[in-house]
Amino acid sequence: MKTLRLILGDQLNRDISALEGIDSRTDVILMAEVMQEATYVRHHKQKIVFILSAMRHFAEELKSEGFQVRYTNLDDVENSGSIIGELNRAIKDLSPDLICITTPAEYRLFDQLSNWAKNHPTDVVIRKDDRFFSDINDFEAWAKNRKSLRMEFFYRELRRKTGILMDGNSPKGGKWNFDQSNRKSLPKTFELPDRLKFCPNEKVIDVIALVEEYFSEHFGSLDKFNWAVQRKDALAALDHFIEACLENFGDYQDAMKANNSFLFHSLLAPYINIGLLSPKEVCSKAEAAYDSGRVPINAAEGFIRQILGWREYVRGIYWHRMPGYTESNFFKANRPLPDLYWTGKTDMRCISEAINSTSEYAYAHHIQRLMVTGNFALLAGIDPAETSEWYLSVYADAFEWVEHPNTIGMALYADGGLLASKPYAASGAYINRMSDYCRSCKYDVKKREGSNACPFNYLYWDFMARNQDVLEDNPRMAFPYKTLKRFTEIQRKNISVQAKYFLDNLE
Ligand code: FAD
Ligand code: DLZ
Ligand code: SF4
């Protein structure tokens, strides 16, 4: 039976279910660079280079294994511009008996492909994506009849189910979660590890030229494109992280530092998300480093929790709430996304640091995303759909299934508490505690009012006051509301006037 097997740009893994049972004599693998995928949001240029380059390398690997690959380049004259268009073209040319697809990770493409499959005369099988530790149905079963869907409890179930970081029935290190030991700020003179850089080879240079030609208007610079685009290099990046960074990952997971967004973070999300690395092998290596005494438990558990816990959990939340999650807007926030998210032009040092890193590397680490740009969008009342589109565009690792819950649920609390038990709202004090940004900022982080007061301070209290009716009863918000009660009427008025003035003049 001749089977046409579709491989999407984030399914670049030899064990992907669409390739299971492949017969190299009869079957053809279809891969297509298409405008539809390159422009459904205005992706950062590095993200497009990363994905198209990785697709081209993966296609070569498959060919060298003896498989027949039908590959459409973005600038092929016959390119129809969409995945479905390319499937239709291939079906017309090859007349396969069966089409085999792995479920797309994003609802948008899943919806298009499943509707197309229903109406297509050729048999189409859509297989599960089994690169994850859990199945979407497992999450649904877990979520059913639960009042609250907290990550921690889903994570513990996955620890038990997989045996990862377990000593029999007990968690290794004696505790499930070492989050309390993951919040140190970085000492002034702490040495940071060098990072592996993967200089563009000829194939990548071709794609860079293509992207400069077709997507010159997209956000971001290509000057520092250093991402790995092949599994062997992604594996080298993983080994380097385990050797040079993991030991300190736990302690400084939440720390931020001027001119360095990488700190001890792994930079592995893009590779895991497109299939160059499997989450299982990444967690196994981290656990092995702990078992052999090379890294402490707060590092191994802190890291594994992000992948086995958060990554699996947000995927569950995404499919639990799609379609419709995109429209969530608990606070009815409607301010347009200010231009500074694209230009980085602002006197707020913390924000310019995060945006500049985003533009240069298509990367900012989790706390920059959550507590700087995300926190600002929350406090300033920026429209969640616009904010979410920004996050989906600007990071090399951005795919809707992981971006949406992180933005809509975690950073903006736009789902009203489905994902987070309280908004991650914070004043300048948090940023000052966790970074060295405030030392070189035009604003004074200790001030709440006045022309040079840190905007995060009055925006924070203004946010609390504006949303008192919907947040005050949350027991986790008791402390800030107790403090707000002590403000005089004049103080409250000044904060509101200053916040309004700042936001009205954001541009
Ligand atoms: P590390 O800090 O080294 O973490 C290790 C790994 O854990 C990551 O590679 C990633 O696979 C996983 N991970 C860590 N945090 C999360 C999380 N909150 N949710 C899911 N997985 C996590 N991550 C994406 O992969 N794609 C996105 O589009 C994305 N959008 C985000 C948007 C916002 C507003 C926020 C607050 C977070 C977002 N994240 C996203 C989660 C997280 O910020 C990134 O996974 C992380 O910064 C990637 O860098 P790293 O590989 O160095 O991660
Ligand atoms: C993100 C992306 C981009 C930029 N380009 C392509 C492409 O040309 N061809 C392709 O198959 N996939 C691409 N992707 C990844 C898809 O957007 C991704 O597979 C879907 O969003 C499903 O998760
Ligand atoms: Fe950011 Fe305020 Fe610190 Fe400036 S003073 S870096 S705006 S937190």
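Buried, in what follows, means under 20% relative accessible area. By that cut-off Ala 362 is clearly inside: its relative accessibility is 1%, so Ala 362 counts as buried. Keep in mind that this is a predicted model.

Ala 362 goes against that, with a phi near 55°, and sits in the loop between α14 (349-361) and α15 (366-380). Asn 145 also has a positive phi, near 65°, and belongs to the loop between α5 (136-143) and α6. Is Asn 145 buried or exposed? Its relative accessibility is 77%, so Asn 145 counts as exposed. Ser 95, which follows α3, has a positive phi too, near 45°. One more backbone feature to look at is the peptide bond from Met 322 to Pro 323, which is cis, with omega near -5°. Pro 323 is in the loop between α12 and α13 (340-343).

Now to α12 itself, and how other helices pack on it. Two packed helices are described by the angle between their axes and the distance between the axes. For α12 (residues 297-321) and α17 (residues 400-411), the angle is about 85° and the axes are 8 Å apart. Angles of 65 to 115 degrees count as roughly perpendicular, so α12 and α17 fall into that class. On the α12 side the contact includes Trp 310, Arg 311 and Tyr 318, and on the α17 side Trp 401, His 404 and Met 410 are among the residues that take part. By type, the residues of the contact of α12 with α17 are eight nonpolar, two polar and three charged.

Helix α6 (residues 151-162) packs on α12 as well: their axes cross at roughly 105° and come within 9 Å. This pair is therefore roughly perpendicular too. From α6 come Met 151, Phe 154, Tyr 155, Leu 158, Arg 159 and Thr 162, and they meet residues of α12 including Arg 305, Leu 308, Trp 310 and Tyr 313. The residues of the contact of α6 with α12 split into seven nonpolar, two polar and four charged.

Zoom in on Leu 246 and, setting aside residues up to four places away in sequence, you find contacts with Phe 241, Ala 286, Ala 289, Val 295, Ala 299 and Phe 303.

Phe 241 leads us to α8 (residues 231-244), where it is one of the buried residues, along with Asp 233, Ala 234, Ala 237, Leu 238 and Ile 242. These buried residues pack against α9 (246-249), α10 (269-274), α11 (279-291) and α12. How does the length of α8 check out? At 1.5 Å a residue, its 14 residues should span 20 Å, and the end C-alpha atoms are 20 Å apart, so the two agree.

Run the same check on α3 (residues 83-94): its 12 residues should span 16 Å, which agrees with end C-alpha atoms 16 Å apart. The buried residues here are Ile 83, Ile 84, Gly 85, Glu 86, Leu 87, Ala 90 and Ile 91. Their cover includes the strands β1 (3-6), β2 (28-32), β3 (68-72) and β4 (98-102), plus the helices α1 (35-39) and α4 (107-118).

Ala 414 has 5% relative accessibility, so it counts as buried. Tyr 413 is buried as well, with a relative accessible area of 7%. Beyond its sequence neighbours within four places, Tyr 413 contacts Phe 330, Phe 331, Ile 408 and Leu 471, among others. Ala 414, with residues up to four places away left out, touches Ser 328, Asn 329, Phe 330, Pro 384 and Ile 408. Pro 384 is 29 residues from Tyr 413 along the chain, and their C-alpha atoms are separated by 9.3 Å.

Notes. Residues are numbered from 1 along each chain as its sequence is written. Chains are lettered from A and ligands numbered from 1 in the order in which they are written. This is a predicted model: local features need pLDDT of at least 70, side-chain atom pairs count only at pLDDT 80 or more; totals for chains, interfaces and linings use all residues. Side-chain values use heavy atoms; hydrogens and water are left out. Axes are lines fitted to C-alpha atoms, for helices over the stretch in contact, and angles run from 0 to 180 degrees between N-to-C directions. Helices (H or I, at least four residues) and strands (E, at least two) are DSSP runs, numbered from the N terminus. Angles under 35 degrees count as roughly parallel, over 145 as roughly antiparallel, 65 to 115 as roughly perpendicular and the rest as oblique. Contact means heavy atoms within 4.5 Å. Ala, Val, Leu, Ile, Met, Phe, Trp, Tyr, Cys and Pro count as nonpolar, Asp, Glu, Lys and Arg as charged, and the others, Gly among them, as polar. Buried means under 20% relative accessible area, exposed over 50%, partly exposed in between (1.4 Å probe, protein chains only). The expected span of a helix is 1.5 Å times one less than its number of residues.
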